[in-house]
Amino acid sequence: MPVELSRADPGTESLTDPAGSAQATLESDGPWCTVVWNDPVNLMSYVEFVFRRYFGYSHLRAEQLMMQVHEEGRAIVSRGSRERAESDVQAMHSFGLQATLESAGES
């Protein structure tokens, strides 16, 4: 069962037109997901630690996501613009976790 995620910065950007008369909010290029995959290397406690440290998730949310990775083989840990998701994937790799970028329509 997927876990709904909320994040302080959902990947939206606010733009002002050149005339300064209107402000538009848009998502840079559609929703993308960061998927973390189960692996035989990392301890469950370490995966939970990474989710708390990098994403700032609460203990409960990080534990739910970690259990989803452990039991279902994967979990979507963030959503947002492609740039944001790519940055999150790269960060997960730097922590030694297996992560991929996925269009939100693929999951």
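Me: In which hand does H1 pass H2 in this predicted model?

Reply: The crossing of H1 past H2 is right-handed. On the H1 side the contact is made by Met44, Val47, Glu48, Phe51 and Arg52. H2 brings His59, Ala62, Glu63, Leu65, Met66, Met67, Val69 and His70. Sorted by class, the residues of this contact are eight nonpolar, two polar and three charged.

Me: At what angle do H1 and H2 pack, and how far apart are their axes?

Reply: Two packed helices are described by the angle between their axes and the distance between the axes. Here H1, residues 44–55, and H2, residues 59–72, pack at about 130 degrees, with axes 8 Å apart. That angle makes H1 oblique to H2.

Me: And what are the angle and the axis distance for H1 and H3?

Reply: H3 covers residues 82–94; its axis and that of H1 come within 11 Å and cross at roughly 135 degrees. An angle over 145 degrees would count as roughly antiparallel, so H1 and H3 are oblique to each other. Their crossing is right-handed. H1 contributes Val50, Phe51, Tyr54 and Phe55 to the contact, and H3 contributes Ser87, Asp88, Ala91 and Met92. By class, that contact has six nonpolar, one polar and one charged residues.

Me: Which residues of the largest nonpolar core touch the most other members?

Reply: In soluble globular proteins, nonpolar side chains tend to be buried together. The largest nonpolar core in this model has 17 residues, and Val36, Phe51, Met92 and Leu97 touch the most other members. The elements giving two or more residues to this core are H1, H2, H3 and strand S4, residues 74–80. Phe51 also takes part in the contact of H1 with H2 and in that of H1 with H3.

Me: What does Val36 touch, leaving aside residues up to four places away in sequence?

Reply: Val36 touches Phe51, Val69, Gly73, Arg74, Ala75, Val77, Met92, Leu97, Gln98 and Ala99. Of these, Phe51 belongs to the H1 side of the contact with H2, and Val69 to the H2 side.

Technical notes
Residues are numbered from 1 along each chain as its sequence is written. This is a predicted model: local features need pLDDT of at least 70, side-chain atom pairs count only at pLDDT 80 or more; totals for chains, interfaces and linings use all residues. Side-chain values use heavy atoms; hydrogens and water are left out. Axes are lines fitted to C-alpha atoms, for helices over the stretch in contact, and angles run from 0 to 180 degrees between N-to-C directions. Helices (H or I, at least four residues) and strands (E, at least two) are DSSP runs, numbered from the N terminus. Angles under 35 degrees count as roughly parallel, over 145 as roughly antiparallel, 65 to 115 as roughly perpendicular and the rest as oblique. A crossing is left-handed if the near helix is turned anticlockwise from the far one by less than a right angle, and right-handed if clockwise. Contact means heavy atoms within 4.5 Å. Ala, Val, Leu, Ile, Met, Phe, Trp, Tyr, Cys and Pro count as nonpolar, Asp, Glu, Lys and Arg as charged, and the others, Gly among them, as polar. A nonpolar core is a set of buried Ala, Val, Leu, Ile, Met, Phe, Trp, Tyr and Cys residues joined through side-chain atoms within 4.5 Å. Buried means under 20% relative accessible area, exposed over 50%, partly exposed in between (1.4 Å probe, protein chains only).
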